[in-house]
Amino acid sequence: MAPIIAVREAKGDPNIKSDAGAILYLNTAFAALGGFLFGYDFGVTSSVMVMEPFQEYFAPLTPGLRGALNSLMGTGAVIGCIIAGWMSDRWGRRDSVAIASLVFIVGGVLQTASVHISMQLVGRFISGLSVGACSVLSPMYNAELAPKEIRGRLVGFQQLMINTGLLLSGWIGFGTNYITTDWSWRIPYLIQVAPAIILCFAPFVLPRSPRWLVEQGRIEEAHSVLAKIHGKNDFDHPYVLMELQEIKDNVELENNIAVSNYWEMLKDKANSRVLWVGCSIALFQQLTGANVIMYYAPLMFKQAGLDGNMSLLANGINYIVMVLFCLPGMWLVDKIGRVKLMVIGSVGMCVGFILMAALYGGCGYTEYSEAELMNVVNMSENPQAANAVIAFIFIFVAFYGTTWAPVAWIYIAEIFPLRIRSKGFAFASALLWCANILVGQVTPVLMDAITWGTYLIYAVIGIIMLVWVILFAPEPKGMSLEEMEVVFHGPIIVTKLDYASYLEAHREEIERKRAEVAAAAAGHKVNAGSFTEKAEDKA
């Protein structure tokens, strides 16, 4: 779920290793609190919306308002995601994290102190601004500070922190639901302010990103940071010197090859296919329907017969499943590939939705709930079927946590060529948040209008996604950026594409692209469009 900023593979001597010690891991854990904020804020509302004190305090809590409480967070996140790049360039990654944390505190306080639903909605939007920014800034900072041999693990660590935030929000909601006053929902909102306060101290605890310091021309400061983190304060440590040179080369490279704005990226036809694929994968991650369960699982558990605290207990277990199954996903992604994992996930989630719809529709009946102010499914007369629904919700989350949750982010971080890598990733991430808004707003309205039919809609979307991924999504596993670019100028339907043979047939083109990149890194201005057009001609 979390955007991960990909870092270009380093070309240095693999035998030269960092001497990073505990200080690196403490810095990484501190910065990753941004991912925790993301997860906690994402999950907290799903718990409080089913609490009776919350429903009574903000009555009437209509399906439209339920959707707005979730979608406004996503709306803020879209804006936060877009401005994060500007913030990080203007103030640096470290200080921007602290600024975003201050914004989060404002949103958290508004939600905690709400006396009217409008305060809740404004608070959700403001918190979303921070969540969107932190979802970019925290992994960006960690990726730029960490040794190259463990940068890939940051994807899993960031996702793990997000899932940990989800997990904690679910169990805190379960615990405070025993409180019969409005503090049952105020406490969960208040608790999320604590890690944001801690993150505000980032400028006093964390070093600046060496990458940002080089971009600002502050080479000596960057050298000092690298020596402290990777060389035990030895400025002549081989890894420190190698890393500093690689950062300088990569900054020079991007200055000479990267597009200057989004319009330049979008109008270049050479980018059309990779943008189409990357943005489609980003949208599909939300359209899997996973956030139907992440946002509205307590309501689904209530419809399956788990009332009150039991629905929140099941929601807490749901988040445990999410955390546990995130771990094998990070191992499998490099074993069987990104596309295969997404295919497996799509099949599992489609089957899950179809079975849930069949059980809700075939073994329950629809009635209007005065408490929820919407039509719901009542399965009280068939507890065995209700238990099966609960089991399939857990199975669905297991499939999602192992596949689409981490893999979609990894995929869109890998496929964009260097000239549009940062902007292509940011553009796809913004579209993902737009889809998040759509799912959050529309789902409760659909659940009111067609109840269990909602799950059939997402199952049909899942089947479309499955076919699309099989036909059109190239597998980036094991490929360099230059090889991926050549593949994206090849056949549109990749189902029967023999990657090894295709890449061998286009070896000359790949080597020429590498030469162009090397020239750009050496400080020579490169017209990226010239060689992408040649690639299209050869394909």
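Q: Is the crossing where helix 2 passes helix 6 left-handed or right-handed?
A: Left-handed: that's how helix 2 goes past helix 6. The term means the near helix is turned anticlockwise from the far one by less than a right angle, while clockwise would be right-handed. Helices here are DSSP runs of H or I, at least four residues long, numbered from the N terminus.

Q: Where did this structure come from, and what counts in it?
A: It's a predicted model, where local features need pLDDT of at least 70 and side-chain atom pairs count only at pLDDT 80 or more, while totals for chains, interfaces and linings use all residues. Residues are numbered from 1 along each chain as its sequence is written, and side-chain values use heavy atoms, with hydrogens and water left out.

Q: OK, back to that pair. At what angle do the axes of helix 2 and helix 6 cross?
A: Roughly 145°, and the axes of helix 2 (residues 33-48) and helix 6 (residues 117-145) come within 8 Å. Axes are lines fitted to C-alpha atoms over the stretch in contact, with angles from 0 to 180 degrees between N-to-C directions.

Q: Which residues make the contact?
A: Helix 2 brings Gly34, Gly35, Leu37, Phe38, Asp41, Val44 and Thr45, and helix 6 brings Arg124, Ser127, Val131, Cys134, Ser135 and Ser138. Contact means heavy atoms within 4.5 Å. By type, that's five nonpolar, six polar and two charged residues.

Q: What does Asp41 form with Arg124?
A: A salt bridge, with the closest N and O atoms 3.2 Å apart. The rule is a side-chain nitrogen of Lys or Arg within 4 Å of a carboxyl oxygen of Asp or Glu. Asp41 sits in helix 2 and Arg124 in helix 6, so the pair ties together parts 83 residues apart in sequence.

Q: How many salt bridges are there by this rule?
A: The count is 12.

Q: Switching topic: how do helix 12 and helix 13 pack?
A: At an angle of about 140°, with their axes 9 Å apart. They are therefore oblique to each other, a label for angles that are not under 35 degrees (roughly parallel), over 145 (roughly antiparallel) or 65 to 115 (roughly perpendicular). The crossing of helix 12 and helix 13 is right-handed.

Q: And what residues does the contact of helix 12 with helix 13 divide into?
A: Nine nonpolar, two polar and one charged.

Q: Which kind of peptide bond joins Ala59 and Pro60, cis or trans?
A: Cis, with omega about 0°. Pro60 is in the loop between helix 3 (52-57) and helix 4 (63-91).

Q: Last one: what pLDDT does the chain average?
A: 85, and 91% of the residues score at least 70. pLDDT is the predictor's confidence in each residue, from 0 to 100. Residues 1-10 are below 50, and beyond near neighbours in sequence that stretch has 48 contacts in the model. Residues 528-539 also stay under 50, with 29 contacts beyond four places in sequence.

Note on methods
Helices (H or I, at least four residues) and strands (E, at least two) are DSSP runs, numbered from the N terminus. Ala, Val, Leu, Ile, Met, Phe, Trp, Tyr, Cys and Pro count as nonpolar, Asp, Glu, Lys and Arg as charged, and the others, Gly among them, as polar.
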